[in-house]
Amino acid sequence: MVIQESILINAKVDMVWKTFTDLTCWKDWNTVMGNVCSNEKCLSCGGEILCCFRPFLFPVKTKIKIEEVIPYERIVWSAQKKGFSARNEFSFQDQERGVLVTSRETFTGFLVRAFGFFLPKRRMRTLINTFLKDLKTASENQFIL
């Protein structure tokens with residue numbers, strides 16, 4: 001299952017990038033992922049994020065591994081949880097009116113193949129859109145000074 005969503009953020013790419021990669025401020029704007037912990041202050045290749053999100057009625061704790069960081073262009077992270085894998089690719093495209101941020105999340109694994117109809121695609125799409133809207137609001141309001 002693949003979910004792709006984009007949002008145009010009316011801010012400069014350096015502001016959007018800083019907002020997205022500065023983990024110390026996620027608690028102030030990111031309403032999708034709670035209890036974010038990392039040994040690092042910024043997203044970096046090889047780093048990890050521990051967090052909690054709620055795709056179902058109950059919260060899910062997960063470890064996200066940062067696979068790729070190309071400054072101002074792309075971030076890729078992945079997570080695995082008992083027969084379920086998710087890989088999210090974020091791209092940042094500088095545009096005339098701002099930055100187009102695209103999230104492409106791919107879900108795979110035994111649980112997706114066997115019980116894919118239980119995976120709430122609509123809920124996952126809502127979480128991705130909420131994350132992008134949160135990023136937009138924080139970036140446009142120059143949340144990080």
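Me: In what order do the elements of the chain run from the N terminus on?

Reply: Helices (H or I, at least four residues) and strands (E, at least two) are DSSP runs, numbered from the N terminus. Here the order is β-α-α-β-β-β-β-β-β-α-α, which comprises 4 helices and 7 strands. The model is predicted, so local features need pLDDT of at least 70 and side-chain atom pairs count only at pLDDT 80 or more, whereas totals for chains, interfaces and linings use all residues. Residues are numbered from 1 along each chain as its sequence is written, and side-chain values use heavy atoms, with hydrogens and water left out.

Me: How is burial to be read, and what share of the chain counts as buried?

Reply: A residue is buried under 20% relative accessible area, exposed over 50% and partly exposed in between (1.4 Å probe, protein chains only). Of the 145 residues of the chain, 42% count as buried. The accessible surface of the chain is about 8,400 Å² (Shrake-Rupley method, 1.4 Å probe; for residues, only the protein chains shown count as cover). Carbon and sulfur atoms contribute 53% of that surface.

Me: Lys12 lies in the loop between strand 1 and helix 1. Is Lys12 buried or exposed?

Reply: Lys12 is exposed, because its relative accessibility is 66%. The loop that holds Lys12 runs between strand 1 (2–9) and helix 1 (13–21).

Me: How much do residues 24 or more positions apart account for among the contacts in the chain?

Reply: A contact means heavy atoms within 4.5 Å. Among the contacts with a separation of 6 or more, 51% join residues 24 or more positions apart.

Me: Which residues does Leu43 touch?

Reply: Leu43 belongs to the loop between strand 2 (34–37) and strand 3 (48–53). With a relative accessible area of 7%, Leu43 counts as buried. Leaving out residues up to four places away in sequence, Leu43 touches Phe20, Thr21, Leu23, Trp26, Ile49, Ile66, Val69, Ile75 and Trp77. Trp77 stands 34 residues from Leu43 along the chain, and their C-alpha atoms are separated by 9.8 Å.

Me: Which residues line the largest cavity?

Reply: Rolling a probe the size of a water molecule over the atoms shows where empty space is left. A cavity is a set of points, on a 1 Å grid over the protein atoms alone, where a 1.4 Å probe fits but cannot get out; lining residues have an atom within 4 Å of a point. Points are joined across faces, edges and corners, and the volume is the space filled by probe spheres set on them. The structure holds 1 cavity of 30 Å³ or more, and the largest cavity has about 30 Å³ of space. Its lining consists of Leu23, Ser38, Glu40, Cys42, Leu43, Ser44, Gly47, Glu48, Ile49 and Ile66. By class, the lining has 5 nonpolar, 3 polar and 2 charged residues; Ala, Val, Leu, Ile, Met, Phe, Trp, Tyr, Cys and Pro count as nonpolar, Asp, Glu, Lys and Arg as charged, and the others, Gly among them, as polar.

Me: With which side chain does the side chain of Glu5 make a polar contact?

Reply: A polar contact is a pair of N or O atoms within 3.5 Å; within protein, one must be able to donate a hydrogen and the other to accept it, and residues adjacent in sequence count only if both atoms are side-chain atoms. Glu5, in strand 1, is buried at 16% relative accessibility. The side chain of Glu5 makes a polar contact with that of Arg125, at 2.3 Å. Beyond neighbours within four places in sequence, Glu5 is in contact with Val101, Thr102, Ser103, Arg125, Ile128, Asn129 and Leu132.

Me: Where is Asn88 placed, and what polar contact does its side chain make?

Reply: Asn88 is in strand 6 (residues 85–95) and is buried, at 4% relative accessibility. Its side chain makes a polar contact with the side chain of Ser103, at 3.0 Å.

Me: What is the phi of Asn35, and what is that of Tyr72?

Reply: Phi of Asn35 is near 50°, a positive value in a residue other than glycine. Asn35 lies in strand 2 and is exposed, with a relative accessible area of 62%. Phi of Tyr72 is near 65°, also positive in a residue other than glycine. Tyr72 sits in the loop between strand 4 (60–70) and strand 5 (74–80) and is partly exposed, at 41% relative accessibility.

Technical notes. 1 Å grid on protein atoms, 1.4 Å probe; cavity = no way out; pocket = protein on both sides within 12 Å on 5 of 7 lines; lining within 4 Å.
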